[in-house]
Amino acid sequence: MKAVDNREHERPRIHVTDKRGAPREKVPPREGDDLEAADADRVAKDVDEAAKLAEERMDQLLRLKADFENYRKRVIREQTDLVERASLRIVEKLFPILDDLDRALKAAHGDEAIVRGIEIVKKQLHDVLEAEGLERVEAQGPFDPHEHEAVSSVPGNVAEPTVLEVVRPGYKLKGKTVRPALVHVTVPEATPERSGGAERPREGTE
């Protein structure tokens, strides 16, 4: 009877080593990883530079826009002033004609046909000038040194200087007084207090 070799039926033994506590080996970086990191740094740097450049260009654009807006406003203001000065020169040349029409109306008092003709001409001229912004200065009530020019004054029973009579009408052009109205003025009557007279004694004094 042959002897049985038990080694043929033995299973191969697997040796397991517990490496959980052992330090791990460092894996050296690959050459491709270095290239990717360098590319990422370069891209980030390019993005930062592009953002800074865009911010600078935006600031330049905003300054340019503000400068252009100021230039546009200045040109409009200069053109407006030029038109207003030209209008003022023309209107000032027409003031004597307006005054003559007023005198003609007073001189023609009683002749209805002449008065009517002068009034028609005067109204047509006033309508044209009013369309350009001309208006008469209000010459009633309190005296306004910005709109009135006094040629004489008389004392009267008033609390403040008041227009008594209009000698020559005044005019405004687009809200600005271009010729003050010549007026006679009534001023408050002089009193001891206003003229610097003796002071009244104070209460409680002898």
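Predicted model: local features only at pLDDT ≥ 70, side-chain atom pairs only at ≥ 80, totals over all residues.

Student: Which elements have the lowest and the highest mean pLDDT?

Tutor: α1 has the lowest, at 86. Strand β6, residues 181-188, has the highest, at 94. Now look at residues 197-206: their pLDDT is below 50. Beyond near neighbours in sequence, that stretch has two contacts in the model.

Student: Which residues make up the largest nonpolar core?

Tutor: A nonpolar core joins buried residues through side-chain atoms. The largest one here has seven: Val91, Phe95, Leu98, Leu129, Leu134, Tyr171 and Leu173. Two elements give two or more residues to this core: α1 (31-107) and β4 (171-173). α1 gives the most, with three.

Student: What does Val91 touch?

Tutor: Leave out residues up to four places away in sequence. Val91 then touches Leu129, Leu134 and Leu173.

Student: Now Val154. Is Val154 buried, exposed or partly exposed, and why?

Tutor: Buried means under 20% relative accessible area, and exposed means over 50%. Val154 has 37%, so Val154 counts as partly exposed.

Student: Where is Val154 in the chain, and what does Val154 touch?

Tutor: Val154 lies in strand β2, residues 148-156. Again leaving out residues up to four places away, Val154 touches Leu164, Val185, Thr186 and Val187. Val154 and Glu189 are 35 residues apart in sequence, and their C-alpha atoms are 8.5 Å apart.

Methods
Residues numbered from 1 in each chain as written. Heavy atoms only, no water. Core = buried A, V, L, I, M, F, W, Y, C linked by side-chain atoms within 4.5 Å. Buried < 20%, exposed > 50% of the residue type's maximum accessible area, 1.4 Å probe, protein only. Helix = DSSP H or I, 4+ residues; strand = E, 2+ residues; numbered from the N terminus. Contact = heavy atoms within 4.5 Å. pLDDT = per-residue confidence, 0-100.
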